[in-house]
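Dear colleague,

Please find below the structure that I am handing over to you, followed by an account of what was found in it.

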Amino acid sequence: MAKLKDSDYWLTPDWVIEKLGLFAEPECILDPCADTSNNVGAGCYYTEKDDGLTQDWVAPFVFVNPPFSRTGRWVNKFMVEAGKQNFYEGIMLTLSGAVNNIKVYDAISGADAFLFPTGRISFKPCLEEHNTDHGFDRDVVLTYVGERVEMFSEAFKKHGRILVPYTLE
């Protein structure tokens with residue numbers, strides 16, 4: 001995860017990392033917002049120094065746990081890269097409050113499924129880079145892009161409500 005301010009250093013919870021393994025082998029995962037320890041265990045990752053926003057996200061699977069202070073830019077990048085078909089499927093964590101932002105809402109409207117977790121997700125502090133000894137609880141949404149919506153639903157349904165967008169034609 002990239003650091004933009006101290007509150008942006010929060011590692012992906014273990015239960016989310018475990019679910020990623022259902023979708024792709026670690027070597028097939030790209031994490032464009034990785035911390036220096038590569039907490040997710042992605043085969044390819046970009047740190048703050050690499051600036052994932054300026055990179056192409058070419059991989060079978062992309063996982064994004066962005067710095068929460070600049071969610072909109074990361075959401076837009078995620079959807080643009082998906083639209084260019086640079087990855088087959090991906091999951092992105094987004095603060096639920098950001099979904100109410102019209103620009104973020106418009107960007108994620110092309111996603112294939114969402115998980116609205118029951119309760120808040122507890123993130124782990126990145127102790128080596130951030131001086132804190134407590135976790136970070138936030139309301140988030142997991143946004144999924146890909147063709148395996150049923151698999152996403154099955155994998156994450158015990159953690160909250162799954163929403164699959166429906167469009168009237």
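In this predicted model, the cover over the buried residues of helix α1 includes the strands β2 (29-31), β4 (59-64), β5 (87-95) and β9 (140-145), together with helix α5. Helix α1 spans residues 14-23, and its buried residues are V16, I17, K19, L20 and F23. Viewed down the axis of α1, these residues fall within an arc of 160 degrees, so they line one face of the helix.

Helix α5, which comprises residues 149-156, contains A155. Is A155 buried or exposed? With a relative accessible area of 8%, A155 is buried, because the cut-off for a buried residue is under 20%. Leaving aside residues up to four places away in sequence, A155 touches K19, L22 and F23.

Of its 169 residues, 51% count as buried. Among contacts with a separation of 6 or more, 71% are between residues 24 or more positions apart. The accessible surface of the protein comes to about 8,800 Å², and carbon and sulfur atoms account for 48% of that surface.

With kind regards

Methods:
Residues numbered from 1 in each chain as written. Predicted model: local features only at pLDDT ≥ 70, side-chain atom pairs only at ≥ 80, totals over all residues. Heavy atoms only, no water. Buried < 20%, exposed > 50% of the residue type's maximum accessible area, 1.4 Å probe, protein only. Contact = heavy atoms within 4.5 Å. Areas by Shrake-Rupley, 256 points an atom, 1.4 Å probe, with all protein chains shown as cover. Helix = DSSP H or I, 4+ residues; strand = E, 2+ residues; numbered from the N terminus. Arc of directions from axis to C-beta.
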